[in-house]
Amino acid sequence: MAAAAPPPAPTPAPEPVTSLPETTPLFTRIRLATPSDVPHIHKLIHQMAVFERLTHLFSATESSLAATLFSPTAQPFHSFTIFLLEASPNPFAVSTLDSNPFFTPLTKFVNLSLPFEDPERETFKSMDNVTVVGFVLFFPNYSSFLGKPGFYVEDLFVRECYRRKGFGRMLLSAVARQAVKMGYGRVEWVVLDWNVNAIRFYEEMGADVLNEWRICRLTGEALQTYGGAD
């Protein structure tokens with residue numbers, strides 16, 4: 001009897017098709033805010049109040065922000081100052097913002113590892129194909145121990161869909177860079193104790209989180225009462 005023919009060799013499985021992961025290229029720019037940015041700034045501050053669960057304390061209006069942040073006598077870095085962070089899928093066109101006598105915009109190309117959608121792109125559009133991502137508000141303070149001025153960061157906020165992508169670090173780095181340029185001694189800010197992600201982020205930056213310090217604040221009726229005392 002003839003031997004049975006061996007079974008045919010199994011057909012090798014096709015090689016899996018590999019493709020590069022999807023990415024989102026973005027051009028970013030940090031620049032000084034201008035009075036025309038007030039509507040965006042107002043919306044950003046309101047979103048920050050929602051995130052921090054402090055909307056009951058939010059009473060700012062576009063008019064009050066314009067009057068206090070952009071008064072005719074205010075000079076950037078010597079008064080209240082705002083850096084805006086913007087993003088665009090295209091390189092930024094040359095504009096009058098590039099010739100600001102106080103600050104030359106900082107531009108950087110980033111390639112995000114994942115695609116994402118910005119549901120508020122039109123709401124926060126500052127110009128064609130340019131969207132406001134976040135902001136940092138800061139002003140000078142003074143350290144008597146160092147014998148030097150510094151910057152105090154009042155607000156740092158990045159819109160939700162842009163978080164955990166390095167944009168908060170970019171804003172803080174811009175403030176630190178300006179402090180170094182001006183010979184200032186420190187940059188400081190506060191963080192809510194429940195915001196563990198932010199605390200971890202600041203510690204990884206090398207910031208000291210001073211748990212032994214407490215904020216004291218007079219505001220509202222208490223300020224009026226104490227301010228009117230003899």
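Where is the place of Arg164? Arg164 sits in the loop between strand 6 (148-158) and helix 3 (167-181). The model is predicted.

## Two positive phi values

Most residues other than glycine have a negative phi. Arg164 has a positive phi of about 60 degrees, although it is not a glycine. Arg164 is exposed, with a relative accessible area of 77%.

Phe77 belongs to the loop between helix 2 (62-69) and strand 2 (81-88). Its relative accessibility is 3%, so Phe77 counts as buried.

## Salt bridges

Side chains of opposite charge can pair when their charged atoms come close. The count here comes to seven salt bridges.

Asp118 pairs with Arg159, and their closest N and O atoms are 2.7 Å apart. Asp118 lies in the loop between strand 3 (106-112) and strand 4 (125-127), and Arg159 in the loop between strand 6 and helix 3, so the pair ties together parts that are 41 residues apart in sequence. Both Asp118 and Arg159 are buried.

Arg159 also forms a salt bridge with Glu120, with the closest N and O atoms 3.5 Å apart. Glu120 is in the loop between strand 3 and strand 4, so this pair ties together parts that are 39 residues apart in sequence. Arg159 has a relative accessible area of 1% and is buried. Glu120, at 30% relative accessibility, counts as partly exposed.

Elsewhere, salt bridges that share partners join Arg29, Arg31, Asp37 and Glu86 into one network. Within it, Asp37 pairs with Arg31, the closest N and O atoms being 2.9 Å apart. Asp37 and Arg31 are both buried.

Rolling a probe the size of a water molecule over the atoms shows where empty space is left. A search of the whole structure finds one cavity of 30 Å³ or more. The largest cavity has a volume of about 40 Å³.

Which residues line the largest cavity? They are Arg31, Leu32, Leu97, Asn100, Phe103 and Pro105. This lining divides into four nonpolar residues, one polar and one charged.

## A nonpolar surface patch

Leu218, Leu223 and Tyr226 form a nonpolar patch on the surface. Together they have about 330 Å² of accessible area. Leu218 is found in the loop between helix 4 (196-205) and helix 5 (220-227). Leu218 is partly exposed, with a relative accessible area of 46%.

Definitions and conventions: Residues are numbered from 1 along each chain as its sequence is written. This is a predicted model: local features need pLDDT of at least 70, side-chain atom pairs count only at pLDDT 80 or more; totals for chains, interfaces and linings use all residues. Side-chain values use heavy atoms; hydrogens and water are left out. Patches are made of residues with over 30% relative accessible area and no salt bridge: like charges are joined within 9 Å, nonpolar side chains (Val, Leu, Ile, Met, Phe, Trp, Tyr) within 5 Å. Accessible areas come from the Shrake-Rupley method with a 1.4 Å probe; for residues, only the protein chains shown count as cover. A salt bridge is a side-chain nitrogen of Lys or Arg within 4 Å of a carboxyl oxygen of Asp or Glu. Helices (H or I, at least four residues) and strands (E, at least two) are DSSP runs, numbered from the N terminus. Buried means under 20% relative accessible area, exposed over 50%, partly exposed in between (1.4 Å probe, protein chains only). On a 1 Å grid over the protein atoms alone, a cavity is a set of points where a 1.4 Å probe fits but cannot get out, and a pocket is an open set with protein on both sides within 12 Å along at least five of seven lines; lining residues have an atom within 4 Å of a point. Grid points are joined across faces, edges and corners, and a volume is the space filled by probe spheres set on the points. Ala, Val, Leu, Ile, Met, Phe, Trp, Tyr, Cys and Pro count as nonpolar, Asp, Glu, Lys and Arg as charged, and the others, Gly among them, as polar.
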